[in-house]
Amino acid sequence: MGEEKGHEATAMVPIRYVSYEGEEQLPLIMTLIDDELSEPYSIFTYRYFLTLWPQLCFMAFHEDTCVGTIVCKMGQHRNTFRGYIAMLVVIKPYRGRGIATELVTRSIQNMRDAGCEEVTLEAEVTNKGALALYGNLGFTRAKRLYKYYLNGVDAFRLKLLFPQPYDQRMLAEYGGPCQENEQGEHVCGHHHDHDKGEHTCHHFDPHHSHDVDIHGGWNHAHHVHSASCGHMHGHH
Ligand SMILES: CC(C)(COP(=O)(O)OP(=O)(O)OC[C@H]1O[C@@H](n2cnc3c(N)ncnc32)[C@H](O)[C@@H]1OP(=O)(O)O)[C@@H](O)C(=O)NCCC(=O)NCCS
């Protein structure tokens, strides 16, 4: 499962990226994180993340050495389905080669694919490396959290908003794709043009909009425009 080559950023070192496969990888992940992060985490915390969201954990290997890892979760938070990056570490000799960027990119892509609308995390206000890394990836500073860490340091809450494939309110207001009853009659209630003797409907429909990527690609336009779908309908 999940073993692939990295992108160009890591091409100068042969790094393998592996998604979390099971408990036998837990000691590797714990050692890496315990050595590098200021917060202490218990094995229960690790198991909570890794058992429930294994698809959001990746490890970077150089030959047989695990040189980096990311641990995340996702779930409903108030009205938002959101991803959360809990832990990210790359060991010192391997820093500055794009490994963390690749780990974060993989996790947030899986969050996006799972329907997350945003991703958040906290980073120490003094952690220039992490703040620069996440800034490069489009995260912004949403809040400053006073003495957030056990060591007394403040945190920034960072947030990445995913472009939404379409505006849910508009869709609710104008209806979804055209619907017909069993007799082929048009029952969706959209506005229609009847001038050409054929039935062309104009409505807000992401499936017929060229600017909309309903599968949620990263850089696609995310607004909805009025699409002319050209469906033929039963006349009434
Ligand atoms: C933060 C950390 C994960 C970065 O790992 P990394 O693999 O070196 O990061 P990348 O190579 O992907 O860096 C990408 C970009 O982030 C920025 N960056 C990373 N480390 C930086 C540093 N020490 N100082 C300034 N900018 C830095 C740079 O803009 C870099 O791009 P560039 O190399 O093109 O300039 C790593 O330093 C680490 O493990 N630190 C200790 C644990 C930690 O702080 N985790 C984050 C908790 S929120």
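Where does the ligand sit? The ligand sits in the largest pocket. Here a pocket is an open set of points on a 1 Å grid over the protein atoms alone, where a 1.4 Å probe fits, with protein on both sides within 12 Å along at least five of seven lines; a molecule sits in a pocket if more than half of its atoms lie within 2 Å of its grid points. Please keep in mind that this is a predicted model, where local features need pLDDT of at least 70, side-chain atom pairs count only at pLDDT 80 or more, and totals for chains, interfaces and linings use all residues. Residues are numbered from 1 along each chain as its sequence is written, and side-chain values use heavy atoms, with hydrogens and water left out.

**Around the ligand**

- There are 19 residues around the ligand, and Leu88, Gly96, Gly98, Thr101 and Asn127 come nearest (near means that a heavy atom of the residue lies within 4 Å).
- Backbone N or O atoms reach ligand oxygens at 2.8 Å from Val90 and at 3.0 Å from Ala100.
- From a side chain, a polar atom of Asn136 lies 2.9 Å from an oxygen atom of the ligand.
- The protein buries 67% of the 910 Å² that the ligand exposes when taken alone (Shrake-Rupley method, 1.4 Å probe).

**Aromatic pairs**

- Searching the whole structure gives six aromatic pairs (ring centres of Phe, Tyr or Trp, the last by its six-membered ring, within 6.5 Å; planes under 30 degrees apart are stacked, over 60 edge-to-face, the rest tilted).
- One of them joins Phe49 and Trp53, a tilted pair with 6.5 Å centre to centre and 50° between the planes.
- Both partners are buried: Phe49 has 7% relative accessibility, and Trp53 has a relative accessible area of 13% (buried is under 20%, exposed over 50%, partly exposed in between, with a 1.4 Å probe and protein chains only).
- Tyr134 and Phe139 make an edge-to-face pair, because their planes meet at 70° with the ring centres 5.0 Å apart.
- Tyr134 and Phe139 are also buried.
- Tyr48, Phe49 and Trp53 are linked into a cluster by ring pairs.

**A charge over a ring**

- Arg141 lies over the face of Phe156, at 4.5 Å from the ring centre (NZ of Lys or CZ of Arg within 6 Å of the ring centre and within 35 degrees of the ring normal).

Methods
Polar contact = N/O pair within 3.5 Å; in protein donor to acceptor, adjacent residues only side chain to side chain. 1 Å grid on protein atoms, 1.4 Å probe; cavity = no way out; pocket = protein on both sides within 12 Å on 5 of 7 lines; lining within 4 Å.
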